[in-house]
Amino acid sequence: MRMIEKIQRFMSGRYGMDELSRVMNIGALICLILSMFSSLLPFLFFFYWISVALLVLVCFRIFSKNVPKRYAENQKFRNMTYQAAVKRDAAKKRWDQRSTYRFYKCPECRQRVRVPKGHGKICITCPKCRKEFVKKS
């Protein structure tokens, strides 16, 4: 029990583990596994040094007392993963609708516009900037 109390006292005021640190740990583990095959493929040896660097960075983040900065880093990482998920879902939705719709980008504001297929040349009005452009549907 005494050792647990010492560890708790030591970690008090430190940042600890978060989502970014978990992903970096997984990346380090993958790099270590890849580096085990460096005897077969010598160019894989640099993965060992990448894994060591990632593990040092994870330890730095866990034991850091600069909590606001570590929190901001984690939020930036979470925003990036959220943006990637939104783009992936939008691309999947466009892929599912490709048989019945065509997708164009407005030449003015780059807004994506969906129009039904099979209507020949049509005048498309951008819903965002009201720019009109002609495309084949």
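Buried means under 20% relative accessible area, exposed means over 50%, and partly exposed is in between (1.4 Å probe, protein chains only). The model is predicted, so local features need pLDDT of at least 70 and side-chain atom pairs count only at pLDDT 80 or more, while totals for chains, interfaces and linings use all residues. Residues are numbered from 1 along each chain as its sequence is written, and side-chain values use heavy atoms, with hydrogens and water left out.

Q: How many salt bridges does a search of the whole structure find?
A: A salt bridge is a side-chain nitrogen of Lys or Arg within 4 Å of a carboxyl oxygen of Asp or Glu. Searching the whole structure with this criterion gives a count of six.

Q: How many residues apart in sequence are the parts that R61 and D18 tie together?
A: R61 and D18 form a salt bridge, with 2.4 Å between the closest N and O atoms. Helices (H or I, at least four residues) and strands (E, at least two) are DSSP runs, numbered from the N terminus. R61 lies in helix α3 and D18 in the loop between α1 (2-11) and α2, so the pair joins parts whose separation in residues is 43.

Q: Is R61 buried or exposed?
A: The relative accessible area of R61 is 2%. Because this value is under 20%, R61 is classed as buried.

Q: Which helix holds R78, the salt-bridge partner of E19?
A: The side chains of R78 and E19 meet in a salt bridge at 3.4 Å, N to O. This pair links distant parts of the chain, 59 residues apart, with E19 in helix α2. R78 is partly exposed at 42%, and E19 is partly exposed at 33%. The helix of R78, residues 67-96, is α4.

Q: Which residue forms a salt bridge with D96?
A: The closest N and O atoms of this pair are 3.8 Å apart. Both residues lie in helix α4, four residues apart, about one turn of the helix. The partner of D96 is K92.

Q: What is the angle between the planes of F46 and F47?
A: Rings of Phe, Tyr and Trp (its six-membered ring) pair if their centres lie within 6.5 Å, with planes under 30 degrees apart counted as stacked, over 60 as edge-to-face and the rest as tilted. The structure holds four aromatic pairs. F46 and F47 form a stacked pair, 4.5 Å centre to centre, and the angle between the planes is 25 degrees.

Q: What is the area of the nonpolar surface patch that includes I33?
A: Patches are made of residues with over 30% relative accessible area and no salt bridge: like charges are joined within 9 Å, nonpolar side chains (Val, Leu, Ile, Met, Phe, Trp, Tyr) within 5 Å. Accessible areas come from the Shrake-Rupley method with a 1.4 Å probe, and for residues only the protein chains shown count as cover. I33 is in helix α2 and is partly exposed at 40%. The patch, whose members also include L29, F46 and I50, has an area of about 930 Å².

Q: Which strand holds R102 of the positive surface patch?
A: Lys and Arg count as positive and Asp and Glu as negative, with His and the chain ends not counted; the place of a charge is taken as NZ of Lys, CZ of Arg, CG of Asp or CD of Glu. R102 gathers with R98, K117 and K136 in this patch. R102 is partly exposed at 34% relative accessibility. The strand, residues 101-105, is β1.
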